[in-house]
Amino acid sequence: MPLQQLRESDGPIETQLSGCGEWIEYDKLRLGSAYVDKYIKGIISVKYPSHELGTGEKVLKMALEESTSQPSTSSQASINTFIFGKLVGDCDSILKQGDTVVLTNFQVCKSPSASKDGRHAFQLELSDETGATVFVCSKTGQESAAIIRKSKVGMQDYTYVPLNMLKGGVTVNVYGVVKFFKPPYRSKGTDYCTTVTIVDPSEGKLHCVIFNGNADLLPKIYKIGDVVRFHRVKIQEFNQELQAISAPGFSALTFDGALEAPIQPRASSRTYHFTSTDQRKVEELRRWANANISVFKSATKLSEVKPAGYFDLTCQLVAKAVVDRSAVLLKVWDGTKCPHPLKQVPVDRSALEGDLGEIRGLSQLTVDVLVYDNHTGVANSLKLGTYLRIHNIHAKLVTASTEKQNESLDRGPEMEFHLHGGTSYGRGIMVLPTDCRDVQQLKQSLESALPSNQDSMEDLALMEILNSSSGPSAQEISPDCMERCHQESATVLTAHQHISATSLKEVLDQTAPCKYRIRAKLVNYEPKALYQSVKLYCPKCRTMQEIPDDDDIDALLQDVCSADAATGSQPHDAEWYETTIWEQGGQRRRQIIVRFVKTNRLQRTPERSTILVESVSLNELYRFSEQFGSVIPTTSRTDRLILNDLSIPFLIQDGKWHYGCRQCSDPQPVSALQSLTREDSWEPSAIAKVLGIQWLHYVFVMKFTLDDGTGPLDAFLWDEAERFFGISAAEVVISEVLQEKLTRIMNTLCPPRINPEGFPWLECCLKSYYVGEGLEQKTCYQVFDTTFAGFEDI
């Protein structure tokens with residue numbers, strides 16, 4: 001029942017709500033979070049008269065004061081609450097000022113009136129569509145009969161307004177066919193936004209602007225021609241045209257517009273109502289849209305691309321790389337071959353994420369798409385293997401460079417692909433789910449285009465590894481420059497070669513911030529124990545910390561084992577994992593619990609398996625990580641699997657130990673991993689995201705003491721250290737070969753046991769900057785745009 005009664009005579013409220021999850025305080029509410037296993041409690045301080053929206057649907061507004069034992073004057077302790085639909089009829093005559101209520105399955109939205117009424121920055125929204133329930137706490141049983149009678153009211157029918165009948169100033173429900181849309185993008189504020197233009201058989205047209213703090217809660221529109229159902233959009237006039245914006249209680253359903261596609265709603269909320277009347281409406285709009293060809297924009301395959309055009313591409317991501325701060329490279333394919341000569345984007349091999357064998361094996365079918373500006377954030381977050389729709393790609397013909405023309409005169413102009421910045425013309429990147437009809441068609445195209453000889457791809461990958469160089473590519477550094485640097489300097493500038501060299505004395509005499517090109521010797525560096533140069537860095541709070549010591553991890557794991565033994569919880573299988581118990585002998589017998597995560601793979605091998613381990617020692621954790629591809633240490637509390645203290649790695653994958661920031665993380669139950677089993681994607685970034693972990697990055701941090709004869713200067717190397725050394729900080733921790741390589745590099749730059757007169761010269765770029773404030777402010781220096789020159793000798 002959507003409205004239920006709690007009586008004091010039946011015991012504590014918390015006991016009566018045992019099946020409703022956990023209580024959440026007002027200041028812990030977050031935009032975009034799912035509150036299906038939480039409830040919120042408050043006292044009705046203000047109850048406003050209910051009123052009707054333009055749809056004929058009723059809405060009831062209340063202000064709730066947080067129900068706590070401590071008085072509070074904070075604005076966070078009072079929150080606006082809106083109830084929609086059938087729930088209004090249930091609640092309006094029952095709830096009164098001073099009642100204590102408990103709410104479940106509510107949605108959290110930004111409050112537009114927070115600055116005026118001084119209440120919480122968010123507001124709560126409840127309706128029968130979200131499956132919300134309102135519990136009222138009563139001292140008598142008098143209200144029970146009324147509540148039961150009210151709860152028997154049937155589901156209300158919604159009224160939908162044709163687009164040519166809309167008027168300003170009202171809130172309505174509408175159906176329509178998408179004629180234009182922009183994928184979700186970050187607005188100028190903190191919300192995400194999508195804009196949609198819809199049409200219908202009445203020949204009306206409506207431009208809609210939808211905002212939400214969580215991009216996943218915006219309408220899930222994949223292409224022009226999709227059918228949408230919007231509940232509670234407010235119609236207003238803008239630039240002498242009617243426009244719809246999302247109103248409180250907004251919800252959306254989206255349907256594939258193709259006639260042959262199943263009618264499967266894509267919902268913006270966890271629950272929704274969809275009747276036979278709705279189904280007939282969707283079928284009617286599909287038939288109308290398919291008869292009006294002008295509504296649709298045909299999809300383009302790579303084999304159909306024309307020069308100087310713009311097109312939408314449905315594709316799969318094979319590899320990616322950060323080119324610079326404003327551009328990201330995506331290597332994608334759709335199973336067809338572009339008929340034009342393609343320009344390859346030069347990029348460091350070490351910067352390219354992806355399977356080398358797959359990249360080489362598909363090199364004749366993939367294209368390079370350069371993504372710019374506001375789209376780089378989305379591009380950086382994409383998982384390899386993801387299915388994408390990239391909107392408004394620019395296919396541009398360019399003339400090859402002089403050197404390339406000399407190599408291949410018959411190729412002619414080359415084609416390159418760009419996704420320019422901004423959101424004009426619907427420009428953007430959208431991730432498509434694997435059950436999407438367009439993805440199913442794409443998969444068939446990809447499978448039919450796969451090379452028949454898979455062994456040749458593996459051979460190519462092996463050749464790639466054997467022939468690859470860790471240093472800068474020849475495309476970055478000219479042969480003349482490389483030769484000169486080997487003779488004169490142990491390092492190479494990757495930029496700013498036009499700047500004249502400055503003495504260190506002049507650098508020290510000038511005020512920050514400034515950039516310099518210097519020529520000096522490395523007379524000292526710290527730390528001397530190079531393994532100590534690798535730290536853990538949080539990009540969110542910008543703090544650094546040491547990698548946890550084995551002894552500390554072992555002690556924490558022993559504490560966890562003791563706590564697990566004390567709880568005595570009984571392990572069991574779940575829908576998404578299978579449980580195995582291993583008996584560990586010795587003086588203190590105990591059980592090791594291993595949960596094997598189920599995947600979509602036909603054959604599960606240890607090196608590609610993900611396991612959840614419980615009650616393990618450090619040595620056992622090492623052994624598991626050597627045998628299995630992904631290992632997630634867990635513990636059981638109150639019949640729930642949770643993560644351990646974040647000083648213990650939350651994930652060990654391919655030998656790398658991944659840690660989370662204790663300050664910035666909001667750990668979620670391990671059950672959140674179930675969402676990854678649908679796409680079978682287990683990259684560290686994806687695991688960290690669903691578990692609420694702010695992932696710590698491995699970084700080098702070193703202090704160089706440089707001297708050019710005019711005076712010594714201390715400079716830090718950390719932000720671009722991986723590029724300087726040609727080594728990954730995360731890899732050097734687990735690879736003795738790379739550790740030896742790092743030692744040889746430092747011995748080349750700062751040779752031990754010889755006179756500093758014999759040290760090599762280094763050409764470096766330095767930048768100065770201030771740290772601290774007031775009397776504590778000081779100038780620091782950092783090495784940038786510089787790389788080691790002698791990789792082939794190491």
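Mentor: Exposed means over 50% relative accessible area, buried under 20% and partly exposed in between, computed with a 1.4 Å probe on protein chains only. The model is predicted, and here local features need pLDDT of at least 70, side-chain atom pairs count only at pLDDT 80 or more, and totals for chains, interfaces and linings use all residues. Residues are numbered from 1 along each chain as its sequence is written, and side-chain values use heavy atoms, with hydrogens and water left out.

Trainee: Is R542 buried or exposed?

Mentor: R542 lies in the loop between β26 and β27 (543–545), where helices (H or I, at least four residues) and strands (E, at least two) are DSSP runs numbered from the N terminus. Its phi is near 60 degrees, a positive value in a residue other than glycine. Because its relative accessibility is 62%, R542 counts as exposed.

Trainee: Within what arc do the buried residues of α9 fall, seen down its axis?

Mentor: The buried residues of α9 are D438, V439, L442, S445 and L446. They line one face of the helix, because their arc, taken from the directions from the helix axis to the C-beta atoms, is within 120 degrees.

Trainee: Which strands do the buried residues of α9 pack against?

Mentor: The face turned away from the buried side of α9 carries the exposed residues Q444, E447 and S448. On the buried side, where contact means heavy atoms within 4.5 Å, the packing partners are β18 (310–324), β19 (327–333), β21 (387–398) and β23 (428–432).

Trainee: Which residue's side chain has a polar contact with that of H391?

Mentor: H391 is found in strand β21 and is buried, with a relative accessible area of 4%. A polar contact is a pair of N or O atoms within 3.5 Å; within protein, one must be able to donate a hydrogen and the other to accept it, and residues adjacent in sequence count only if both atoms are side-chain atoms. At 3.4 Å, the side-chain partner of H391 is D312.

Trainee: What is omega, in degrees, for the cis peptide bond joining A512 and P513?

Mentor: Most peptide bonds are trans. P513 lies in the loop between α12 (504–509) and β25 (514–526), and the omega of its cis bond to A512 is about -5 degrees.
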